Amino acid sequence: GSRPRVQGMASVSDEELLRMVNEIAGRTSGASSAAKSLAKLAFKEELQQRLLETPGLLDALSRAAATEDSVQPEALTALWGLSRCQAKREELCRNSLLLSSLSTALVQHSKC
């Protein structure tokens with residue numbers, strides 16, 4: 001889609017977003033840096049809704065958040081950012097994959 005280009009990170013293209021999603025979903029060597037980028041983007045209010053509407057993004061982050069590896073903290077940070085999106089709040093609260101991933105992450109980290 002043709003969206004007005006905004007300076008900085010907001011100018012991320014749909015292709016770029018899908019590439020990040022695929023890296024994270026596929027646990028590739030670039031997954032960690034893709035999640036790191038999404039963690040930054042997730043706190044930009046003007047991008048939150050678009051990120052949440054990117055196919056597979058929420059699923060990929062949710063699955064990554066439940067897996068103890070280098071991607072997990074970035075995925076959790078990204079989800080935390082996205083959870084601040086007012087427009088999608090109810091939808092997020094009903095997302096069972098997201099909720100179970102977050103509780104899995106909490107359980108993993110409360111063991112220490």
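Me: In which helix is the place of Ile24?

Reply: This is a predicted model. Ile24 belongs to helix α1.

Me: Is Ile24 buried or exposed?

Reply: Residues under 20% relative accessible area count as buried. Ile24 has a relative accessible area of 0%, so Ile24 is buried.

Me: Which residues does Ile24 touch, not counting residues up to four places away in sequence?

Reply: Ile24 touches Ala31, Ala34, Ala35, Leu38, Ala60, Leu61, Ala64 and Val71. As for Leu61, 37 residues separate it from Ile24 in sequence, while their C-alpha atoms lie 7.2 Å apart in space.

Me: How are two packed helices described?

Reply: By the angle between their axes and by the distance between the axes. Here α1 (residues 14-25) and α4 (residues 57-65) pack at about 30°, and their axes are 9 Å apart. α1 is therefore roughly parallel to α4. The crossing of α1 past α4 is left-handed.

Me: Which residues meet where α1 packs on α4?

Reply: From α1 come Val21, Ile24 and Ala25, and from α4 come Leu57, Ala60, Leu61 and Ala64. By class, this contact has seven nonpolar residues, no polar ones and no charged ones.

Me: Which residues are buried in helix α2?

Reply: In α2 (residues 31-41), the buried residues are Ala31, Ala34, Ala35, Leu38, Ala39 and Leu41. Their arc around the axis is only 160°, so they are on the same side of α2.

Me: What covers the buried residues of α2?

Reply: The cover includes α1, α3 (45-52), α4 and α5 (72-82).

Note on methods:
Residues are numbered from 1 along each chain as its sequence is written. This is a predicted model: local features need pLDDT of at least 70, side-chain atom pairs count only at pLDDT 80 or more; totals for chains, interfaces and linings use all residues. Side-chain values use heavy atoms; hydrogens and water are left out. Axes are lines fitted to C-alpha atoms, for helices over the stretch in contact, and angles run from 0 to 180 degrees between N-to-C directions. Helices (H or I, at least four residues) and strands (E, at least two) are DSSP runs, numbered from the N terminus. Angles under 35 degrees count as roughly parallel, over 145 as roughly antiparallel, 65 to 115 as roughly perpendicular and the rest as oblique. A crossing is left-handed if the near helix is turned anticlockwise from the far one by less than a right angle, and right-handed if clockwise. Contact means heavy atoms within 4.5 Å. Ala, Val, Leu, Ile, Met, Phe, Trp, Tyr, Cys and Pro count as nonpolar, Asp, Glu, Lys and Arg as charged, and the others, Gly among them, as polar. Buried means under 20% relative accessible area, exposed over 50%, partly exposed in between (1.4 Å probe, protein chains only). The arc is that of the directions from the helix axis to the C-beta atoms.
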